[in-house]
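Q: I have a model open and want to go through its side-chain contacts. Can we start with the charged pairs?

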Amino acid sequence: MTDVPADLALPTEGAEGVSPLREALRRFRANRAAVASLAILILIVIFCFGGPLLYSYEPDDANFEAMNAPLDLFSAYPFGTDDLGRDLLLRIMAGGQVSLIIGLVATLIAVAIGVTWGSVAGFLGGVVDQVMMRIVDVLYGIPYIFQVILISMALGRGSTAVIIAVVLSLWLTPSRIVRAQAIALRNREFIEAARAGGMTKRQIVLKHIMPNCVGVVIVYSSLLIPDVILSESLLSFLGLGVQAPETSWGVLISEGQAKIETDPHMLILPGLALALTLFCMNFVADGLRDAFDPNER
């Protein structure tokens, strides 16, 4: 194994003057696969959000004189066009915007709900904890993909419906994780000191329980984002997610699947964009897990 450079040398546990967050950052920087994956993710984000700014037309603009243009990296349409003459490269960029935004927004909302629910249940305990977690158990009994499909069908189609459907299904696991953390924290000395100092239960949850779960939340959020993006792609592929005039990687994969025999690049290229993004996100998630809990390595 290659030695860690001197400027990335990791401090020992409990090193004086080094905060846990800074130690975690240094551990993450020492993970070359995670750092490289993060760099690629940044390039993907720039590609998706900055690339369309270079175009003078929109992803849905049709050029009927260039319908079904083939893959040609040196032409005006490097990735070719579809049946309506729409630029596939530009549509991959636009689709990436939708998929990434849905992944980020849905994850933030799901984690916020899960953290709040789990913190309250774990800290209060007793009957409140039992009732709150039995609700979670009941919802856990319904298969995830079945929940998402039912909610999407009930709410209609589109980005907003996908976000709501995914959020209502994925907040359950972070609530359990944070509840376990809250139970471990509620009898610690600093919590007892907060009680003795006159802090209310609400203040303790907001100022002590939730902030002390930040490491767990960051790691789990990094694991959840690729799941959300994959769920959106699956729903869109099945026709239950993003609908025209919007597009996403799932929509493009669905459209490309119909032309796999004549124009396989229309399936392969958005599929590669999705796969590369998920691949890099998983490496980043592994790096964050190792950084915040080095005992997991």
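A: K259 and D83 form a salt bridge, with 2.8 Å between the closest N and O atoms. K259 lies in the loop between α11 (249-257) and α12 (265-292) and D83 in the loop between α2 and α3, so the pair ties together parts that are 176 residues apart in sequence. Bear in mind that this is a predicted model.

Q: Is K259 buried or exposed?

A: K259 counts as buried, at 13% relative accessibility. D83 has a relative accessible area of 42% and is partly exposed.

Q: What does R86 form a salt bridge with?

A: With D60; the closest N and O atoms are 3.7 Å apart.

Q: Which residues are linked with R86 in a network of salt bridges?

A: The network links D60, D82, R86, R91 and E255.

Q: How many salt bridges does the count come to?

A: The count comes to 13 salt bridges. Another of them joins the side chains of R289 and D286, at 3.7 Å from N to O.

Q: Where do R289 and D286 sit in the helix?

A: They are three residues apart in helix α12, separated by about one helical turn. R289 counts as partly exposed at 33% relative accessibility, and D286 also counts as partly exposed, at 31%.

Q: Switching to rings. How many aromatic pairs?

A: The count is three aromatic pairs. One of them is Y55 with Y57: the ring centres are 5.4 Å apart and the planes are at 85°, so the pair is edge-to-face. Y55 is partly exposed, at 22% relative accessibility, and Y57 is partly exposed at 24%.

Q: What about F279 and F283?

A: They form an edge-to-face aromatic pair, with 4.9 Å centre to centre and 70° between the planes. F279 and F283 are four residues apart in helix α12, which puts about one helical turn between them. F283 has a relative accessible area of 32% and is partly exposed.

Q: Now the inside. Which residues have the most contacts in the largest nonpolar core?

A: I102, I209, L224 and V228 have the most contacts inside that core, which has 38 residues. At least two core residues come from each of α3, α4 (126-140), α5 (144-155), α6 (159-170), α7 (172-185), α8 (189-196), α9 (201-209) and α10 (214-237).

Q: Which of those gives the most?

A: α3, with eight residues.

Q: What is I102 in contact with, leaving aside its neighbours within four places in sequence?

A: I102 is in contact with T107, S159, V162, I163, V228, E232 and V242. There is also a second, separate core of 29 residues, which includes A34, M93, L269 and L278.

Q: Last one: what does UniProt list for residues 96-285?

A: The unreviewed UniProt entry lists that range as "domain: ABC transmembrane type-1". In the model, residues 96-285 are 81% helix and 0% strand, and the end C-alpha atoms of the span lie 20 Å apart.

How values were computed: Residues numbered from 1 in each chain as written. Predicted model: local features only at pLDDT ≥ 70, side-chain atom pairs only at ≥ 80, totals over all residues. Heavy atoms only, no water. Salt bridge = Lys/Arg side-chain N within 4 Å of Asp/Glu carboxyl O. Buried < 20%, exposed > 50% of the residue type's maximum accessible area, 1.4 Å probe, protein only. UniProt positions renumbered as here; feature names shortened; annotations may be inferred. Phe/Tyr/Trp six-rings, centres within 6.5 Å; stacked < 30°, edge-to-face > 60°. Core = buried A, V, L, I, M, F, W, Y, C linked by side-chain atoms within 4.5 Å. Contact = heavy atoms within 4.5 Å.
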